[in-house]
Amino acid sequence: MSIEAVKWAMDDAPMLRTPAGKADTTARHVLQALAEHASKTGTNTHPSEIRIQYRTGYDRRTVQRALRRLEDAKLIIPDGTVQDRNRYRLAMNIMRDPSDWDELEREEQDSRAAAAERKRRSRARRVTHSNDVTVTDEKSVTEPDVTHSESGRHAVEVRDVTHFKSGRHALSAAVTTNEPPVEPPATQMAGVGSYSYPPQGLAPNAPIDDDGFALTDALRRWARRDGFDSLVDVDHETAQFLDHFRANGERRANWPAEWQKWIRRAHKWAVERRQRPNGNVVQLPNGRTLTGTDATVAGWAAIAASFDNEEPA
């Protein structure tokens with residue numbers, strides 16, 4: 001078995017399509033079975049049809065039709081026979097269109113965005129429905145002996161109170177009661193005070209979670225391609241990135257671009273730290289020198305501060 005041929009059949013060979021536009025997974029599976037018997041250049045593969053049946057689980061007619069489709073697409077080329085078995089050569093020079101991967105990534109991002117939107121709508125439906133709100137008529141609220149607010153004064157109940165020192169009557173003394181204070185309503189519909197959480201007590205997600213940001217294989221390949229992962233722990237930096245934006249609750253128009261800025265900045269800091277005589281030392285503006293863990297914490301704080309001061313992506 002050739003690793004080169006199998007990798008081509010699994011990753012790099014063009015994906016055939018059915019008349020309906022779906023991926024032809026049957027032909028793909030048969031192509032992989034042929035690659036397992038090929039040389040590293042894709043030649044001299046001649047498994048029997050029964051061997052392909054055993055390998056794939058397809059019946060004979062399905063295997064034969066898949067072989068014809070692969071021949072028509074020129075991904076396999078007949079190359080004689082061996083012991084009454086057809087021999088093929090794999091067209092390993094034909095490579096898959098890179099846009100296939102970009103299309104899958106777009107579908108994944110669209111799926112995440114749709115899931116975030118469904119989650120947002122689900123949370124929105126948890127608030128008190130307008131049909132469940134009790135509406136009280138103003139005539140039922142204002143009692144006859146209370147001065148209406150339009151008169152410019154608020155009525156206070158008057159009681160004949162005897163002052164304990166003077167013995168005189170204070171007719172204008174406001175009534176003091178021992179009743180407990182009434183708490184304002186706690187729903188969003190009440191419009192009292194600041195925002196309060198829904199009745200279930202579930203805190204809302206940060207914008208970065210609602211937007212569905214995730215560390216994808218494409219972002220990892222970008223960090224590896226530009227050499228950032230040589231000095232930066234990508235998973236650790238991603239955790240720092242998420243914690244930062246969950247804490248400040250800010251939203252960015254392009255989260256992947258914002259993440260790339262974060263990684264570039266962390267890499268720059270790591271390079272500068274290595275170029276210092278003592279990479280684990282930070283000199284503060286007030287003249288104080290930090291070493292060890294204090295220096296490390298100060299370094300990450302500097303990255304976060306510079307990140308906040310820049311223009312968002």
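This report describes salt bridges and selected helix residues in a predicted model.

Residues are numbered from 1 along each chain as its sequence is written. In this predicted model, local features need pLDDT of at least 70 and side-chain atom pairs count only at pLDDT 80 or more, while totals for chains, interfaces and linings use all residues, and side-chain values use heavy atoms, with hydrogens and water left out.

**Salt bridges**

The structure holds 17 salt bridges (a side-chain nitrogen of Lys or Arg within 4 Å of a carboxyl oxygen of Asp or Glu).

Because Arg 220 lies in helix H8 (residues 217-225) and Asp 235 in helix H9 (residues 234-248), the pair ties together parts that are 15 residues apart in sequence. Helices are DSSP runs of H or I with at least four residues, numbered from the N terminus.

**Accessibility**

Arg 225 counts as exposed at 62% relative accessibility, whereas Asp 226 is partly exposed at 37% (exposed means over 50% relative accessible area, buried under 20%, and partly exposed in between, with a 1.4 Å probe and protein chains only).

Ala 115, in helix H5 (residues 99-124), is partly exposed at 35%. Ala 115 and Gly 212 are 97 residues apart in sequence, yet their C-alpha atoms are 8.0 Å apart in space.

How values were computed. Helix = DSSP H or I, 4+ residues; strand = E, 2+ residues; numbered from the N terminus.
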